[in-house]
Protein chains: 2
Amino acid sequence: MSATTMRAMILTGHGGPDRLEIRDDWPKPEPSLGEVRVRVGACGLNNTDVNTRSGWYSKSVKGPTASDATRDPDAKKADGAWGGALAFPRIQGADVVGTVEAIGEGVDAALHGQRVLIDPWLRDWSDPHRRTGCGYLGSERDGGYAEFMVVDHRNAHPVRSDLTDAELATFPTVCTTAENMLERARVAQGDTVLITGASGGVGSALIQLVNRRGAKAIAICSQAKMSRVASVGARATLARPLGDLARALRDAIGESSVSVVADVVGGSDFPALVDALAPGGRYVCSGAIAGPIVEFDLRTLYLRDLEFLGATVPPPEHFADVVRHIEKGEVRPLLAATFALGDFHEAQAAFIAKDHVGNIVVVP
Amino acid sequence: MSATTMRAMILTGHGGPDRLEIRDDWPKPEPSLGEVRVRVGACGLNNTDVNTRSGWYSKSVKGPTASDATRDPDAKKADGAWGGALAFPRIQGADVVGTVEAIGEGVDAALHGQRVLIDPWLRDWSDPHRRTGCGYLGSERDGGYAEFMVVDHRNAHPVRSDLTDAELATFPTVCTTAENMLERARVAQGDTVLITGASGGVGSALIQLVNRRGAKAIAICSQAKMSRVASVGARATLARPLGDLARALRDAIGESSVSVVADVVGGSDFPALVDALAPGGRYVCSGAIAGPIVEFDLRTLYLRDLEFLGATVPPPEHFADVVRHIEKGEVRPLLAATFALGDFHEAQAAFIAKDHVGNIVVVP
């Protein structure tokens, strides 16, 4: 490594973990107009890394960056990203905390030297609320599995916190996703929110963010993780496989239905989750790790006046909200394990094994 | 018939059309406290008559009136209605226009003699915005397939209009349903709304109500009905079977996606309809006549930030809105045919054959 190179984990193409290669001689990126360079303190792992690597975001899905142009059958490199243009080699890693150590032209000098948490949503800043044309850090541009990364200064949020870099790197994707789900579903005091995948990053963030809204969090997770998930703050914890969900809810909270389902799992439990919704209830989804294709009864949708809400691209102001929640200690980090960047394969294997509760991070 | 009896079409139980029997000696109902008796001028036909008769609203759906009590397996009579208690014999008929000819205790005498359109939603007036515990005229209480009917005075809306009774009887269910769908989906100027079943009652009401909101209506119907549907006011009309919907939309309106789908059909076209939604788009549903069980890709829901909205029980103020639209001529009646009540079987056979555009009504 020299002043112009760095250590980085390089994704060379779609495929298995063997497409990820560690390099010590990767060019250190330079900040352009409006950008900052961050010395990465820690970077958290997410499902989106694995999905992007494997090409799970198929073209047919027409993700947020999809346009007729990028969906052109000739645009081979588009396949498998957010329906958009994934170019290789790529440095993945969406959840970055670090220190601004260089600024591009047009950036306020006050940002230099600050400890920042990076909003992973890459926006068209001429129309930041637009949901189309967005990218994601580590997908449409290089992310944090490296010693340095470069990003628009509007993505770099100063953060004042006693937490370690590894702890702060647990937050960006999971908290932004969870907060967006709760905003979409208008969760407020009086709501009861059934949370799937509650031991995961988004799930455990949901529990905490439901609590800070004064609503009741009911967590679903495996038997082995129930006590750890309960300690995150769930009002009640239900074990998978679900069995008679109405009865389990009645036993746990005295009511057999909920007003909101916050789902990141999907799959074969989907019909039972929908059936748990009271009339007028809201189902909000930001993932489907157990399988995206589900059977849906339109009678249930319409006769019960339900709402099904997809939650992917949050409005830009959510990230500042999340930073405030962190600074106030309203969400606590759930750091399951820390790995060195050089041990990334081991880190991702642990992440995929899902034996942990909370988040796994790497440090350069 | 005498002063105490009337002609009525009696539904004797769940089953085929043979469960409907005309009677000339049925007891004329008396208005109770807060109720009015209406001399029926005309009554419109709806899918809900057929669905209720056949038991399509299965218990598993947990419709708006469902409660743990009514879903008790011992409550046999509950099966097949809105998940609630359907008692036989029953007089069906939800879309009633007529004249108030008797009033119960506690009803303003000014209502006597007025021409009224009946809101078919039966509410708990102590909590009229509650979506649970509602019934529907002709299901949870006797409706308009008779010479007389009785209803809460708050369901009887005076209407000032030059339209005939048969014309006015085309409106209640279809306009309330369509207006509720558009409200749920927040349809406004700038929206493009793809409408299925556009030749039917709700579909043709949707076209007119989309137009009065300043949005664009794109209608889907059979080839044979395209010109009639276009004359209702659709900006573009697409023929079933759908084929390449994106191309058809591009040819028709220059864009390959829409912001809203308003669906009463469901079935095998569902995936194509969903695929036509732009990111952030809304799908709203109030029926599924082509089949309620559909395949759903949760990736499409969440990666495109879509919303799926069920629309069954509208807030009570919608009916007054609809009456105003009618009085202003903002929606026009589409009276396909008028039958005598004694010819009800013929009327319902024509209704089910779906060769018509608009609505079919019976007159006592």
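Domain bounds, the residue numbers at which one domain stops and another starts, come from an automatic or database domain assignment. For chain A, that assignment gives domain 1 (5-170 + 333-363) and domain 2 (175-310). Before we go on, please note that this is a predicted model, in which local features need pLDDT of at least 70, side-chain atom pairs count only at pLDDT 80 or more, and totals for chains, interfaces and linings use all residues. Residues are numbered from 1 along each chain as its sequence is written, chains are lettered from A and ligands numbered from 1 in the order in which they are written, and side-chain values use heavy atoms, with hydrogens and water left out.

Let's begin with how the two domains of chain A meet. Their C-alpha centres are 28 Å apart. Where they touch, 11 residues of domain 1 of chain A are in contact with 13 residues of domain 2 of chain A, contact meaning heavy atoms within 4.5 Å. Together these domains bury about 920 Å², 56% of it on carbon and sulfur atoms. Buried area here is the accessible area (1.4 Å probe) that two parts lose on being put together, summed over both. On the domain 1 side, A:Trp56, A:Leu334 and A:Val357 lose the most area to domain 2 of chain A, together 47% of what that side buries. How many salt bridges (a side-chain nitrogen of Lys or Arg within 4 Å of a carboxyl oxygen of Asp or Glu) are there between domain 1 and domain 2 of chain A? The count is 0.

Next, look for empty space. Rolling a probe the size of a water molecule over the atoms shows where empty space is left. A cavity is a set of points, on a 1 Å grid over the protein atoms alone, where a 1.4 Å probe fits but cannot get out. Grid points are joined across faces, edges and corners, and a volume is the space filled by probe spheres set on the points. The structure has 4 cavities of 30 Å³ or more, and the largest cavity holds about 60 Å³ of space.

The lining of the largest cavity is made of 13 residues, each with an atom within 4 Å of a point. Nearest its centre lie A:Phe171, A:Ala205, A:Gln208, A:Arg332 and A:Asn359. Helix H3 (172-184) and helix H4 (201-212) of chain A are the elements that give two or more residues to this lining, and H4(A) gives the most, with 4 residues. Such helices (H or I, at least four residues) and strands (E, at least two) are DSSP runs, numbered from the N terminus. Where does the largest cavity lie? Domain 1 and domain 2 of chain A both give residues to its lining, so the largest cavity lies between them.

Now step back to the pair of chains. The contact takes 47 residues from chain A and 47 residues from chain B. Chain A and chain B bury about 4,000 Å² between them, with 59% of it on carbon and sulfur atoms. There are 4 salt bridges between these chains. A:Asp305 forms a salt bridge with B:Arg131, and the closest N and O atoms are 3.8 Å apart.

Over all chains, a search of the whole structure finds 47 salt bridges. One of them joins A:Arg37 and A:Glu101, at 2.4 Å from N to O. This pair links distant parts of the chain, 64 residues apart: A:Arg37 is in strand E3 (residues 35-44) of chain A and A:Glu101 is in strand E5 (residues 95-103) of chain A.

Finally, visit some backbone details. The peptide bond from A:Phe88 to A:Pro89 is cis, with omega near -5°, and A:Pro89 sits in the loop between helix H1 (47-54) and strand E4 (90-91) of chain A. In chain B, a cis peptide bond joins B:Phe88 and B:Pro89, where omega is about -5°.

Note on methods. 1 Å grid on protein atoms, 1.4 Å probe; cavity = no way out; pocket = protein on both sides within 12 Å on 5 of 7 lines; lining within 4 Å.
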